[in-house]
Amino acid sequence: MSSGRGSGTGGQGGLSPLVFISEGWVYLKPPNIAQNYILAKVENLTLEMPELAKELKRETFYAIKKFNWTEKQAAAAYNRTIKKLWNELIIRDNCHPFKGSLLIWVQIPMWVIFSTTIRNLVYMLPDRDMASKIISLELSVGGALWFPNLTVPDASLILPVTMGLVNLAIVEVQTLSRSKKPTKLQRYATNLFRGLSVAMIPIAAGVPSTRQVSWINHTNTYFPRSGPELQEFHFGVEQNLDSV
């Protein structure tokens, strides 16, 4: 059990195949924590923006009266300045929203590599040598509870349904955690994630339990979040100074 590729799972230090499969996604936790930290800072900045926008509107109305700006000139100056203020806040807190996408660029290749590796272990690819057969044997008896054989799909469908429900729960929690009304793009993204969560259930039901367990752990490392937008801070000269 401890020779050849068999040492990669159960043969090394008594590590069970199930633990080996589950611990693969531990390496995604640091970027996941960093992502949530950055996006939380960005979300906090959106709480500062309404007051800054209100003050900027006062200054813009003052400039309209003093310099006889047209509506087009005032809107252009306002939009240019509000973007500058937002960029200054981003620089101040060192939390550009693009940094929040770090996890996805680590997660996608990791998901492909790990899923391909599990497939090769289950189906004894690329060579059906003795080491591959040993690993496949370990996987066939290395499960737990209602799925003792990790090389076949979960006949009870508990694992794929669990994955779908966890995905849906993450989407709904993230939706409820937003501090402001979602934009049209965010609503589309939320519905897309909901649809994918449901669509993945029948897909997961047809793959070996090894991949089902792996995908459940993978799901727990990522919260789909969208960066805030400035659409609520438009300027209109039809507003009067008292309203802002």
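Biologist: Is Gln212 buried or exposed, and what is its relative accessible area?

Modeller: In this predicted model, Gln212 is found in helix 8, which covers residues 209-219. Buried residues are those under 20% relative accessible area. Gln212 falls under that cut-off and is therefore buried, with a relative accessible area of 1%.

Biologist: Which residues does Gln212 touch, not counting residues up to four places away in sequence?

Modeller: Gln212 is a buried residue of helix 8. Not counting residues up to four places away in sequence, Gln212 touches Pro153, Asp154, Leu159, Pro160, Ala204, Ala205 and Val207.

Biologist: Which residues of helix 7 are buried?

Modeller: Helix 7 spans residues 184-205 and has 22 residues. From its first C-alpha to its last, helix 7 reaches 33 Å, close to the 32 Å expected at 1.5 Å a residue. One of its buried residues, Ala204, is also touched by Gln212. The buried residues of helix 7 are Gln186, Thr190, Ser197 and Ala204.

Biologist: How far from Arg211 is the nearest side chain of opposite charge, and which residue carries it?

Modeller: Arg211 has its place in helix 8. Leaving aside neighbours within four places in sequence, Arg211 is in contact with Ser115, Ile118 and Arg119. Arg211 is buried yet has no salt bridge. The nearest side chain of opposite charge is 15 Å away and belongs to Asp154.

Biologist: What distance separates the C-alpha atoms of Thr117 and Arg211?

Modeller: Thr117 is found in helix 4, whereas Arg211 is in helix 8. Thr117 counts as partly exposed at 34% relative accessibility, while Arg211 is buried. The two residues are 94 residues apart along the chain, and their C-alpha atoms are separated by 9.9 Å.

Biologist: Which residues have the most contacts inside the largest nonpolar core?

Modeller: The largest nonpolar core has 15 residues. The residues with the most contacts inside this core are Leu139, Phe147, Leu159, Met163 and Trp215.

Biologist: Which element gives the most residues to this core?

Modeller: Two or more residues come from each of helix 4 (102-122), helix 5 (130-141), helix 6 (158-176) and helix 8. With four residues, the element that gives the most to this core is helix 4.

Biologist: Which residues are buried in helix 5?

Modeller: Helix 5 has twelve residues. From its first C-alpha to its last, helix 5 reaches 17 Å, close to the 16 Å expected at 1.5 Å a residue. In helix 5, the buried residues are Ala131, Ser132, Ile134, Ile135, Ser136, Glu138 and Leu139.

Biologist: Which residue forms a salt bridge with Glu172, and how far apart are the closest N and O atoms?

Modeller: The structure holds four salt bridges. The closest N and O atoms are 2.6 Å apart, and the partner of Glu172 is Arg194. This pair links distant parts of the chain, Glu172 in helix 6 and Arg194 in helix 7, 22 residues apart.

Biologist: In which helix do Arg58 and Glu55 both lie?

Modeller: The side chains of Arg58 and Glu55 meet in a salt bridge, at 3.5 Å from N to O. Arg58 is partly exposed at 33% relative accessible area, and Glu55 is partly exposed at 39%. The two are three residues apart, about one turn of the helix, and both lie in helix 2 (residues 29-67).

Biologist: Which residues are linked in a network of salt bridges?

Modeller: Asp93 forms a salt bridge with Arg92, with the closest N and O atoms 2.9 Å apart. Asp93 is partly exposed at 21% relative accessible area, and Arg92 counts as partly exposed at 49%. The network links Glu48, Arg92 and Asp93.

How values were computed
Residues numbered from 1 in each chain as written. Predicted model: local features only at pLDDT ≥ 70, side-chain atom pairs only at ≥ 80, totals over all residues. Heavy atoms only, no water. Expected span 1.5 Å × (residues − 1). Buried < 20%, exposed > 50% of the residue type's maximum accessible area, 1.4 Å probe, protein only. Contact = heavy atoms within 4.5 Å. Core = buried A, V, L, I, M, F, W, Y, C linked by side-chain atoms within 4.5 Å. Lys, Arg positive; Asp, Glu negative; His and termini not counted.
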